[in-house]
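Keep the sequence and the model open side by side. The text below leads through the chain piece by piece.

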Amino acid sequence: MAEFIMELNDEQKEVRDWIHGFAADVMRPAAAEWDEREETPWPVIQEAAKIGIYSLDFYAQQYFDPTGLGIPMAMEELFWGDAGTALSIVGTGLAAVGVLANGTEEQIGTWIPQMYGDVNDVKVAAFCSSEPDAGSDVASMRTRAVYDEAKDEWVLNGTKTWATNGGIANVHVVVAVVDPELGSKGHASFIIPPNTPGLSQGQKFQKHGIRASHTAEVVLDNVRVPGSCLLGGKEKLDERLARARERAKAGGGERVKNAAMATFEASRPAVGAMAVGTARAAYEEALEYAKTREQFGRPIIDNQGVAFQLADMRTSIDAARLLVWRASWMAVNGKPFTAAEGSQSKLFASETAKKVTGQAIQILGGNGFTREYPVERMHRDAAIYTIFEGTSEIQRLVIARTLAGMPIR
Ligand SMILES: Cc1cc2nc3c(=O)[nH]c(=O)nc-3n(C[C@H](O)[C@H](O)[C@H](O)COP(=O)(O)OP(=O)(O)OC[C@H]3O[C@@H](n4cnc5c(N)ncnc54)[C@H](O)[C@@H]3O)c2cc1C
(Lines give C-alpha, C1' and ligand atoms only; values in the text may rest on other atoms or scores of the structure.)
Protein backbone atom coordinates (compact mmCIF):
# COMPACT_ATOMS: atom_id res chain seq x y z
CA MET A 1 0.00 0.00 0.00
CA ALA A 2 1.28 3.49 -0.88
CA GLU A 3 1.95 5.82 2.06
CA PHE A 4 -0.34 8.83 2.40
CA ILE A 5 1.81 11.67 1.11
CA MET A 6 0.66 15.28 1.25
CA GLU A 7 2.90 16.52 -1.52
CA LEU A 8 2.91 15.82 -5.26
CA ASN A 9 6.05 14.11 -6.58
CA ASP A 10 8.08 15.62 -9.44
CA GLU A 11 6.26 13.64 -12.11
CA GLN A 12 2.85 14.65 -10.72
CA LYS A 13 3.94 18.28 -10.54
CA GLU A 14 4.91 18.13 -14.20
CA VAL A 15 1.48 16.75 -15.13
CA ARG A 16 -0.21 19.34 -12.92
CA ASP A 17 1.66 22.19 -14.60
CA TRP A 18 0.81 20.81 -18.03
CA ILE A 19 -2.92 20.67 -17.19
CA HIS A 20 -2.70 24.08 -15.55
CA GLY A 21 -1.22 25.50 -18.74
CA PHE A 22 -4.16 24.16 -20.75
CA ALA A 23 -6.64 25.45 -18.16
CA ALA A 24 -5.05 28.92 -18.11
CA ASP A 25 -4.35 29.34 -21.83
CA VAL A 26 -7.27 27.52 -23.47
CA MET A 27 -10.12 27.10 -20.98
CA ARG A 28 -10.04 30.37 -19.00
CA PRO A 29 -10.06 32.76 -21.97
CA ALA A 30 -13.05 30.95 -23.53
CA ALA A 31 -15.02 30.40 -20.30
CA ALA A 32 -17.28 33.47 -20.36
CA GLU A 33 -18.21 32.93 -24.00
CA TRP A 34 -19.28 29.29 -23.56
CA ASP A 35 -21.13 30.17 -20.37
CA GLU A 36 -23.14 32.79 -22.31
CA ARG A 37 -23.72 30.50 -25.28
CA GLU A 38 -24.87 27.65 -23.01
CA GLU A 39 -23.45 25.18 -25.51
CA THR A 40 -20.99 22.29 -25.36
CA PRO A 41 -17.54 23.77 -26.11
CA TRP A 42 -16.62 21.26 -28.83
CA PRO A 43 -13.52 23.19 -30.02
CA VAL A 44 -12.11 23.18 -26.46
CA ILE A 45 -12.78 19.43 -26.10
CA GLN A 46 -11.01 18.94 -29.41
CA GLU A 47 -8.01 20.96 -28.21
CA ALA A 48 -7.94 18.80 -25.06
CA ALA A 49 -8.05 15.67 -27.26
CA LYS A 50 -5.17 16.97 -29.40
CA ILE A 51 -2.81 17.26 -26.44
CA GLY A 52 -4.08 14.07 -24.79
CA ILE A 53 -6.09 15.46 -21.87
CA TYR A 54 -9.37 14.24 -23.39
CA SER A 55 -8.59 10.53 -23.65
CA LEU A 56 -9.05 7.27 -21.81
CA ASP A 57 -5.29 6.88 -21.48
CA PHE A 58 -4.93 10.13 -19.58
CA TYR A 59 -7.86 9.34 -17.33
CA ALA A 60 -6.67 5.78 -16.65
CA GLN A 61 -3.14 6.97 -15.81
CA GLN A 62 -4.45 9.34 -13.17
CA TYR A 63 -7.04 6.81 -11.93
CA PHE A 64 -4.44 4.10 -11.27
CA ASP A 65 -1.87 6.41 -9.65
CA PRO A 66 -1.17 4.50 -6.40
CA THR A 67 -0.79 7.71 -4.37
CA GLY A 68 -4.44 8.49 -5.12
CA LEU A 69 -3.51 12.07 -5.98
CA GLY A 70 -3.67 11.78 -9.78
CA ILE A 71 -7.43 12.30 -10.22
CA PRO A 72 -7.85 15.04 -7.55
CA MET A 73 -4.88 16.94 -8.95
CA ALA A 74 -6.23 16.74 -12.53
CA MET A 75 -9.78 17.67 -11.47
CA GLU A 76 -8.63 20.62 -9.40
CA GLU A 77 -6.63 22.12 -12.28
CA LEU A 78 -9.34 21.59 -14.92
CA PHE A 79 -12.09 23.03 -12.72
CA TRP A 80 -9.77 25.88 -11.74
CA GLY A 81 -9.78 26.65 -15.49
CA ASP A 82 -13.57 26.66 -15.85
CA ALA A 83 -16.19 24.40 -14.31
CA GLY A 84 -18.64 24.27 -17.24
CA THR A 85 -15.97 23.50 -19.82
CA ALA A 86 -14.24 21.07 -17.46
CA LEU A 87 -17.45 19.12 -16.93
CA SER A 88 -17.84 18.87 -20.70
CA ILE A 89 -14.34 17.37 -20.76
CA VAL A 90 -14.66 14.98 -17.80
CA GLY A 91 -18.39 14.08 -18.19
CA THR A 92 -17.45 11.24 -20.55
CA GLY A 93 -15.28 9.84 -17.75
CA LEU A 94 -18.41 9.23 -15.60
CA ALA A 95 -19.82 6.92 -18.27
CA ALA A 96 -16.41 5.35 -18.90
CA VAL A 97 -16.00 4.55 -15.19
CA GLY A 98 -19.47 2.92 -15.27
CA VAL A 99 -18.19 0.56 -17.99
CA LEU A 100 -14.78 0.04 -16.36
CA ALA A 101 -16.44 -0.86 -13.04
CA ASN A 102 -19.06 -3.27 -14.39
CA GLY A 103 -18.14 -4.22 -17.95
CA THR A 104 -16.35 -7.25 -19.36
CA GLU A 105 -12.96 -6.77 -21.03
CA GLU A 106 -14.67 -7.01 -24.42
CA GLN A 107 -17.22 -4.34 -23.48
CA ILE A 108 -14.47 -2.06 -22.18
CA GLY A 109 -12.48 -2.50 -25.40
CA THR A 110 -15.51 -1.99 -27.66
CA TRP A 111 -17.33 0.91 -26.05
CA ILE A 112 -14.86 3.17 -24.27
CA PRO A 113 -12.99 4.17 -27.46
CA GLN A 114 -16.37 5.04 -29.04
CA MET A 115 -17.16 7.26 -26.05
CA TYR A 116 -14.14 9.48 -26.78
CA GLY A 117 -14.04 9.24 -30.59
CA ASP A 118 -10.76 10.45 -32.09
CA VAL A 119 -8.91 13.74 -32.35
CA ASN A 120 -10.55 14.64 -35.67
CA ASP A 121 -14.01 13.56 -34.61
CA VAL A 122 -14.37 13.86 -30.83
CA LYS A 123 -17.38 12.26 -29.16
CA VAL A 124 -18.83 12.41 -25.66
CA ALA A 125 -20.67 9.88 -23.49
CA ALA A 126 -23.46 10.14 -20.91
CA PHE A 127 -24.24 8.29 -17.69
CA CYS A 128 -28.00 8.20 -17.11
CA SER A 129 -29.23 7.16 -13.67
CA SER A 130 -31.40 10.01 -12.26
CA GLU A 131 -35.09 10.16 -13.11
CA PRO A 132 -37.80 12.76 -12.49
CA ASP A 133 -39.01 10.79 -9.43
CA ALA A 134 -35.71 9.17 -8.50
CA GLY A 135 -32.99 11.68 -7.60
CA SER A 136 -31.59 11.15 -4.10
CA ASP A 137 -33.86 8.12 -3.81
CA VAL A 138 -32.20 6.00 -6.50
CA ALA A 139 -34.12 2.88 -5.42
CA SER A 140 -37.39 4.38 -6.71
CA MET A 141 -36.10 4.30 -10.29
CA ARG A 142 -38.74 3.23 -12.84
CA THR A 143 -36.94 2.82 -16.17
CA ARG A 144 -37.47 -0.84 -17.04
CA ALA A 145 -35.27 -3.24 -18.96
CA VAL A 146 -36.98 -6.47 -20.03
CA TYR A 147 -35.17 -9.40 -21.61
CA ASP A 148 -36.51 -10.73 -24.91
CA GLU A 149 -35.04 -14.21 -24.82
CA ALA A 150 -36.11 -15.20 -28.35
CA LYS A 151 -34.05 -12.38 -29.85
CA ASP A 152 -31.40 -12.11 -27.11
CA GLU A 153 -32.26 -8.43 -26.80
CA TRP A 154 -33.07 -6.08 -23.93
CA VAL A 155 -35.98 -3.64 -24.31
CA LEU A 156 -35.72 -0.40 -22.33
CA ASN A 157 -38.52 2.05 -21.56
CA GLY A 158 -38.47 5.12 -19.32
CA THR A 159 -37.31 8.71 -18.90
CA LYS A 160 -33.94 9.73 -17.50
CA THR A 161 -33.25 13.27 -16.39
CA TRP A 162 -30.32 15.57 -15.59
CA ALA A 163 -28.03 13.52 -17.82
CA THR A 164 -24.73 15.33 -18.48
CA ASN A 165 -24.25 15.02 -22.28
CA GLY A 166 -27.66 13.29 -22.50
CA GLY A 167 -28.92 13.09 -26.08
CA ILE A 168 -25.69 14.46 -27.62
CA ALA A 169 -23.60 11.50 -26.49
CA ASN A 170 -22.31 8.90 -28.90
CA VAL A 171 -22.70 6.21 -26.24
CA HIS A 172 -25.19 6.35 -23.34
CA VAL A 173 -24.83 4.18 -20.24
CA VAL A 174 -28.31 3.69 -18.78
CA VAL A 175 -29.17 2.23 -15.38
CA ALA A 176 -32.53 0.39 -15.42
CA VAL A 177 -34.66 -1.89 -13.29
CA VAL A 178 -34.46 -5.57 -14.18
CA ASP A 179 -36.17 -6.89 -11.04
CA PRO A 180 -38.56 -4.41 -9.37
CA GLU A 181 -38.88 -6.62 -6.26
CA LEU A 182 -35.24 -6.05 -5.30
CA GLY A 183 -35.09 -2.23 -5.08
CA SER A 184 -31.65 -0.86 -5.95
CA LYS A 185 -30.25 -4.41 -5.98
CA GLY A 186 -32.51 -5.15 -8.97
CA HIS A 187 -30.80 -2.53 -11.15
CA ALA A 188 -28.43 -3.18 -14.06
CA SER A 189 -26.48 -0.97 -16.46
CA PHE A 190 -26.75 -1.04 -20.24
CA ILE A 191 -24.83 0.39 -23.14
CA ILE A 192 -27.00 2.16 -25.69
CA PRO A 193 -24.89 2.20 -28.88
CA PRO A 194 -24.73 5.22 -31.21
CA ASN A 195 -27.89 5.96 -33.26
CA THR A 196 -30.05 3.32 -31.53
CA PRO A 197 -33.71 3.88 -32.52
CA GLY A 198 -36.02 4.88 -29.64
CA LEU A 199 -33.47 6.95 -27.69
CA SER A 200 -34.08 10.68 -27.94
CA GLN A 201 -33.19 13.85 -26.09
CA GLY A 202 -36.01 15.41 -24.10
CA GLN A 203 -35.82 18.84 -22.51
CA LYS A 204 -32.42 20.53 -22.44
CA PHE A 205 -32.13 22.38 -19.13
CA GLN A 206 -31.26 26.07 -18.88
CA LYS A 207 -29.13 26.17 -15.78
CA HIS A 208 -27.94 28.56 -13.07
CA GLY A 209 -24.27 27.53 -13.51
CA ILE A 210 -21.91 25.19 -15.41
CA ARG A 211 -23.87 26.38 -18.42
CA ALA A 212 -21.28 25.16 -20.95
CA SER A 213 -22.08 21.62 -19.84
CA HIS A 214 -25.08 20.10 -21.63
CA THR A 215 -27.71 18.67 -19.25
CA ALA A 216 -30.87 17.06 -20.63
CA GLU A 217 -33.60 14.47 -20.31
CA VAL A 218 -33.13 11.21 -22.18
CA VAL A 219 -36.26 9.39 -23.33
CA LEU A 220 -36.14 5.65 -23.93
CA ASP A 221 -39.08 4.43 -26.01
CA ASN A 222 -38.86 0.71 -26.75
CA VAL A 223 -35.11 0.92 -27.11
CA ARG A 224 -33.79 -2.49 -28.19
CA VAL A 225 -30.17 -3.38 -27.56
CA PRO A 226 -28.36 -6.71 -28.10
CA GLY A 227 -27.82 -8.96 -25.07
CA SER A 228 -24.13 -8.07 -25.28
CA CYS A 229 -24.99 -4.50 -24.17
CA LEU A 230 -25.81 -5.59 -20.61
CA LEU A 231 -22.73 -4.56 -18.65
CA GLY A 232 -21.04 -7.58 -17.08
CA GLY A 233 -23.18 -10.03 -19.07
CA LYS A 234 -26.34 -12.06 -18.37
CA GLU A 235 -24.69 -14.87 -16.43
CA LYS A 236 -23.19 -12.49 -13.90
CA LEU A 237 -26.48 -10.59 -13.59
CA ASP A 238 -28.45 -13.79 -12.98
CA GLU A 239 -25.99 -14.86 -10.27
CA ARG A 240 -26.16 -11.44 -8.63
CA LEU A 241 -29.96 -11.37 -8.68
CA ALA A 242 -30.15 -14.91 -7.27
CA ARG A 243 -27.85 -13.91 -4.38
CA ALA A 244 -29.92 -10.76 -3.73
CA ARG A 245 -33.15 -12.79 -3.69
CA GLU A 246 -31.61 -15.27 -1.23
CA ARG A 247 -30.52 -12.44 1.03
CA ALA A 248 -33.87 -10.70 0.78
CA LYS A 249 -35.53 -13.97 1.86
CA ALA A 250 -33.12 -14.25 4.78
CA GLY A 251 -33.75 -10.58 5.67
CA GLY A 252 -30.12 -9.57 4.92
CA GLY A 253 -28.60 -7.44 2.19
CA GLU A 254 -25.92 -5.62 4.16
CA ARG A 255 -23.00 -6.89 2.08
CA VAL A 256 -24.51 -5.66 -1.19
CA LYS A 257 -25.25 -2.28 0.36
CA ASN A 258 -21.69 -2.00 1.58
CA ALA A 259 -20.27 -2.84 -1.87
CA ALA A 260 -22.36 -0.09 -3.48
CA MET A 261 -21.36 2.29 -0.71
CA ALA A 262 -17.67 1.63 -1.32
CA THR A 263 -18.12 2.62 -4.99
CA PHE A 264 -19.80 5.90 -4.08
CA GLU A 265 -17.24 6.68 -1.40
CA ALA A 266 -14.49 6.15 -3.97
CA SER A 267 -16.00 8.50 -6.60
CA ARG A 268 -17.03 11.34 -4.30
CA PRO A 269 -13.53 12.76 -3.68
CA ALA A 270 -13.28 13.50 -7.43
CA VAL A 271 -16.28 15.84 -7.11
CA GLY A 272 -14.69 17.35 -4.00
CA ALA A 273 -11.58 18.07 -6.07
CA MET A 274 -13.70 19.84 -8.71
CA ALA A 275 -15.10 22.04 -5.94
CA VAL A 276 -11.59 22.77 -4.63
CA GLY A 277 -10.61 23.92 -8.15
CA THR A 278 -13.49 26.39 -8.41
CA ALA A 279 -12.96 27.64 -4.84
CA ARG A 280 -9.24 28.19 -5.43
CA ALA A 281 -9.93 30.08 -8.66
CA ALA A 282 -12.31 32.48 -6.88
CA TYR A 283 -9.95 32.89 -3.90
CA GLU A 284 -7.04 33.80 -6.19
CA GLU A 285 -9.16 36.43 -7.96
CA ALA A 286 -10.25 37.89 -4.62
CA LEU A 287 -6.71 37.94 -3.18
CA GLU A 288 -5.33 39.75 -6.21
CA TYR A 289 -8.19 42.23 -6.20
CA ALA A 290 -7.84 42.92 -2.47
CA LYS A 291 -4.13 43.68 -2.92
CA THR A 292 -4.69 46.15 -5.77
CA ARG A 293 -8.06 47.82 -5.09
CA GLU A 294 -7.60 50.95 -2.99
CA GLN A 295 -10.21 52.64 -0.85
CA PHE A 296 -9.59 55.21 1.89
CA GLY A 297 -6.05 55.58 0.53
CA ARG A 298 -4.89 51.99 1.02
CA PRO A 299 -5.41 48.52 -0.48
CA ILE A 300 -8.61 46.96 0.86
CA ILE A 301 -6.57 43.96 2.12
CA ASP A 302 -5.17 46.35 4.77
CA ASN A 303 -8.57 46.11 6.45
CA GLN A 304 -8.82 43.23 8.87
CA GLY A 305 -12.43 42.64 7.74
CA VAL A 306 -11.19 41.78 4.26
CA ALA A 307 -7.90 40.09 5.23
CA PHE A 308 -9.57 37.74 7.72
CA GLN A 309 -12.09 36.66 5.09
CA LEU A 310 -9.18 35.74 2.80
CA ALA A 311 -7.49 33.89 5.66
CA ASP A 312 -10.64 31.85 6.25
CA MET A 313 -11.11 31.19 2.54
CA ARG A 314 -7.57 29.86 2.13
CA THR A 315 -7.80 27.74 5.31
CA SER A 316 -11.06 26.11 4.19
CA ILE A 317 -9.70 25.39 0.70
CA ASP A 318 -6.54 23.76 2.09
CA ALA A 319 -8.60 21.72 4.56
CA ALA A 320 -10.96 20.62 1.77
CA ARG A 321 -8.04 19.53 -0.39
CA LEU A 322 -6.58 17.46 2.46
CA LEU A 323 -9.90 15.68 3.02
CA VAL A 324 -10.16 15.02 -0.73
CA TRP A 325 -6.60 13.68 -0.98
CA ARG A 326 -7.09 11.46 2.10
CA ALA A 327 -10.29 9.92 0.72
CA SER A 328 -8.79 9.47 -2.72
CA TRP A 329 -5.72 7.75 -1.28
CA MET A 330 -8.00 5.48 0.78
CA ALA A 331 -10.06 4.57 -2.30
CA VAL A 332 -7.05 3.69 -4.46
CA ASN A 333 -5.46 1.65 -1.66
CA GLY A 334 -8.62 -0.20 -0.66
CA LYS A 335 -8.81 1.28 2.87
CA PRO A 336 -12.28 0.83 4.37
CA PHE A 337 -14.32 4.04 4.69
CA THR A 338 -15.25 3.52 8.33
CA ALA A 339 -16.32 7.16 8.79
CA ALA A 340 -17.60 7.76 5.24
CA GLU A 341 -14.43 9.71 4.47
CA GLY A 342 -15.40 9.99 0.79
CA SER A 343 -18.68 11.69 1.70
CA GLN A 344 -16.87 13.88 4.23
CA SER A 345 -14.57 15.17 1.51
CA LYS A 346 -17.39 15.89 -0.93
CA LEU A 347 -19.53 17.56 1.73
CA PHE A 348 -16.80 19.84 3.04
CA ALA A 349 -15.29 20.75 -0.34
CA SER A 350 -18.63 21.51 -2.00
CA GLU A 351 -19.88 23.66 0.89
CA THR A 352 -16.48 25.41 0.91
CA ALA A 353 -16.75 26.21 -2.80
CA LYS A 354 -20.22 27.70 -2.36
CA LYS A 355 -19.09 29.82 0.58
CA VAL A 356 -15.72 30.93 -0.79
CA THR A 357 -17.11 31.99 -4.19
CA GLY A 358 -19.73 34.09 -2.35
CA GLN A 359 -16.99 35.69 -0.23
CA ALA A 360 -15.04 36.45 -3.41
CA ILE A 361 -18.00 38.37 -4.81
CA GLN A 362 -18.15 40.38 -1.57
CA ILE A 363 -14.45 41.24 -1.75
CA LEU A 364 -14.78 42.42 -5.35
CA GLY A 365 -17.76 44.61 -4.37
CA GLY A 366 -19.85 45.86 -7.31
CA ASN A 367 -17.37 44.39 -9.78
CA GLY A 368 -17.85 40.96 -8.24
CA PHE A 369 -21.54 41.20 -9.00
CA THR A 370 -20.99 41.71 -12.73
CA ARG A 371 -20.14 39.37 -15.57
CA GLU A 372 -17.08 41.51 -16.29
CA TYR A 373 -15.31 39.55 -13.53
CA PRO A 374 -15.20 35.74 -13.35
CA VAL A 375 -16.17 35.32 -9.69
CA GLU A 376 -19.85 35.85 -10.56
CA ARG A 377 -19.70 32.82 -12.89
CA MET A 378 -17.65 30.81 -10.38
CA HIS A 379 -20.29 31.43 -7.71
CA ARG A 380 -23.06 30.20 -10.01
CA ASP A 381 -20.93 27.19 -11.01
CA ALA A 382 -20.10 26.29 -7.39
CA ALA A 383 -23.77 25.72 -6.53
CA ILE A 384 -23.75 22.42 -8.42
CA TYR A 385 -21.24 20.71 -6.13
CA THR A 386 -23.67 20.53 -3.20
CA ILE A 387 -26.31 18.97 -5.50
CA PHE A 388 -24.97 16.40 -7.96
CA GLU A 389 -23.38 13.03 -7.07
CA GLY A 390 -25.42 13.14 -3.85
CA THR A 391 -26.61 16.38 -2.22
CA SER A 392 -25.00 17.74 0.96
CA GLU A 393 -27.96 16.42 2.95
CA ILE A 394 -27.40 12.94 1.53
CA GLN A 395 -23.67 13.16 2.37
CA ARG A 396 -24.55 14.07 5.95
CA LEU A 397 -27.04 11.22 6.07
CA VAL A 398 -24.40 8.76 4.81
CA ILE A 399 -21.78 10.02 7.28
CA ALA A 400 -24.20 9.93 10.21
CA ARG A 401 -25.53 6.46 9.40
CA THR A 402 -21.98 5.14 8.92
CA LEU A 403 -20.94 6.52 12.30
CA ALA A 404 -24.05 5.03 13.90
CA GLY A 405 -23.37 1.65 12.27
CA MET A 406 -26.74 1.81 10.54
CA PRO A 407 -27.43 0.53 7.00
CA ILE A 408 -27.57 3.16 4.25
CA ARG A 409 -30.72 3.00 2.17
C1 LIG B 1 -26.20 19.93 -13.68
C2 LIG B 1 -26.54 18.55 -13.23
C3 LIG B 1 -25.90 17.46 -13.80
C4 LIG B 1 -26.24 16.17 -13.44
N5 LIG B 1 -25.66 15.11 -14.07
C6 LIG B 1 -26.14 13.86 -13.87
C7 LIG B 1 -25.71 12.77 -14.68
O8 LIG B 1 -24.84 12.91 -15.55
N9 LIG B 1 -26.29 11.56 -14.49
C10 LIG B 1 -27.24 11.36 -13.54
O11 LIG B 1 -27.72 10.23 -13.43
N12 LIG B 1 -27.66 12.37 -12.72
C13 LIG B 1 -27.14 13.62 -12.89
N14 LIG B 1 -27.58 14.66 -12.11
C15 LIG B 1 -28.63 14.42 -11.11
C16 LIG B 1 -28.19 14.66 -9.67
O17 LIG B 1 -27.37 13.62 -9.23
C18 LIG B 1 -29.47 14.85 -8.83
O19 LIG B 1 -29.97 16.14 -9.15
C20 LIG B 1 -29.21 14.71 -7.35
O21 LIG B 1 -28.93 13.39 -7.01
C22 LIG B 1 -30.41 15.19 -6.51
O23 LIG B 1 -31.61 14.64 -6.95
P24 LIG B 1 -32.89 15.59 -7.18
O25 LIG B 1 -32.44 16.72 -8.05
O26 LIG B 1 -33.99 14.75 -7.69
O27 LIG B 1 -33.25 16.19 -5.77
P28 LIG B 1 -34.17 15.50 -4.64
O29 LIG B 1 -33.68 14.13 -4.37
O30 LIG B 1 -35.58 15.68 -4.99
O31 LIG B 1 -33.79 16.41 -3.39
C32 LIG B 1 -34.40 17.69 -3.17
C33 LIG B 1 -33.92 18.21 -1.81
O34 LIG B 1 -34.36 17.32 -0.77
C35 LIG B 1 -33.25 16.87 -0.01
N36 LIG B 1 -33.45 15.49 0.43
C37 LIG B 1 -33.86 14.41 -0.31
N38 LIG B 1 -33.91 13.31 0.45
C39 LIG B 1 -33.48 13.67 1.68
C40 LIG B 1 -33.27 12.99 2.91
N41 LIG B 1 -33.51 11.68 3.02
N42 LIG B 1 -32.84 13.69 3.99
C43 LIG B 1 -32.59 15.02 3.90
N44 LIG B 1 -32.75 15.73 2.76
C45 LIG B 1 -33.19 15.06 1.68
C46 LIG B 1 -32.06 16.98 -0.97
O47 LIG B 1 -30.84 17.05 -0.25
C48 LIG B 1 -32.38 18.26 -1.71
O49 LIG B 1 -31.99 19.37 -0.96
C50 LIG B 1 -27.22 15.97 -12.43
C51 LIG B 1 -27.85 17.07 -11.85
C52 LIG B 1 -27.55 18.34 -12.23
C53 LIG B 1 -28.28 19.50 -11.61
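Predicted model: local features only at pLDDT ≥ 70, side-chain atom pairs only at ≥ 80, totals over all residues.

Residues are numbered from 1 along each chain as its sequence is written.

Start with the record. An unreviewed UniProt entry lists residues 9-115 as "domain: Acyl-CoA dehydrogenase/oxidase N-terminal". The entry also gives residues 126-223 as "domain: Acyl-CoA oxidase/dehydrogenase middle". UniProt positions are in the numbering used here, feature names are shortened, and annotations may be inferred rather than shown by experiment. Residues 9-115 are 83% helix and 0% strand, and the end C-alpha atoms of this span lie 31 Å apart. Residues 126-223 are 0% helix and 49% strand, with end C-alpha atoms 16 Å apart. Helices (H or I, at least four residues) and strands (E, at least two) are DSSP runs, numbered from the N terminus.

Next, helix packing. Two packed helices are described by the angle between their axes and the distance between the axes. Take helix α1 (residues 10-37) and helix α5 (residues 83-102): their axes come within 8 Å and cross at roughly 95 degrees. That makes α1 roughly perpendicular to α5. Axes here are lines fitted to C-alpha atoms, for helices over the stretch in contact, and angles run from 0 to 180 degrees between N-to-C directions. Angles under 35 degrees count as roughly parallel, over 145 as roughly antiparallel, 65 to 115 as roughly perpendicular and the rest as oblique.

Which residues meet where α1 and α5 touch? From α1 come M27, A30, A31, W34 and D35; from α5 come G84, T85 and A86. Two residues are in contact if their C-beta atoms, placed from the backbone, lie within 7 Å. Five residues of this contact are nonpolar, two are polar and one is charged. Ala, Val, Leu, Ile, Met, Phe, Trp, Tyr, Cys and Pro count as nonpolar, Asp, Glu, Lys and Arg as charged, and the others, Gly among them, as polar.

R377 links up with this region. R377 lies in helix α11 (residues 375-382). Leaving aside neighbours within four places in sequence, R377 is in contact with A31, A32 and D35. The C-alpha atoms of R377 and A83 are 9.2 Å apart, although 294 residues separate them along the chain. Is R377 buried or exposed? R377 is buried, because 25 other C-beta atoms lie within 10 Å. The cut-offs: buried means 20 or more other C-beta atoms within 10 Å of a residue's own, exposed 12 or fewer, and partly exposed in between, with C-beta atoms placed from the backbone.

Helix α2 (residues 42-51) has V44, I45, E47, A48 and A49 as its buried residues. These pack against α1, α5 and β2 (121-122). After α2 comes G52, with a positive phi near 95 degrees.

The largest nonpolar core has 114 residues, and A95, F190, A275, A286 and A360 touch the most other members. Helix α8 (residues 254-292) gives the most to this core, with 14 residues. A nonpolar core is a set of buried Ala, Val, Leu, Ile, Met, Phe, Trp, Tyr and Cys residues joined through C-beta atoms within 7 Å. A95 touches M115, A125, A126, F127, V171 and V173, not counting residues up to four places away in sequence.

G277 is also in helix α8. It is buried, with 29 other C-beta atoms within 10 Å. Beyond neighbours within four places in sequence, G277 is in contact with M75, E76, E77, L78, F79 and W80. G277 and G186 are 91 residues apart along the chain, and their C-alpha atoms are separated by 36 Å.

Finish in the loops. I210 is not a glycine, yet has a positive phi of about 30 degrees. I210 lies in the loop between β8 (199-204) and β9 (215-226). I210 is buried, with 28 other C-beta atoms within 10 Å. A340 also has a positive phi, near 50 degrees, in a residue other than glycine. A340 sits in the loop between α9 (304-332) and α10 (341-368). With 25 C-beta neighbours inside 10 Å, A340 counts as buried. P336 is found in the loop between α9 and α10. P336 is exposed, with 10 other C-beta atoms within 10 Å. P336 and I384 are 48 residues apart in sequence and 28 Å apart in space, C-alpha to C-alpha.
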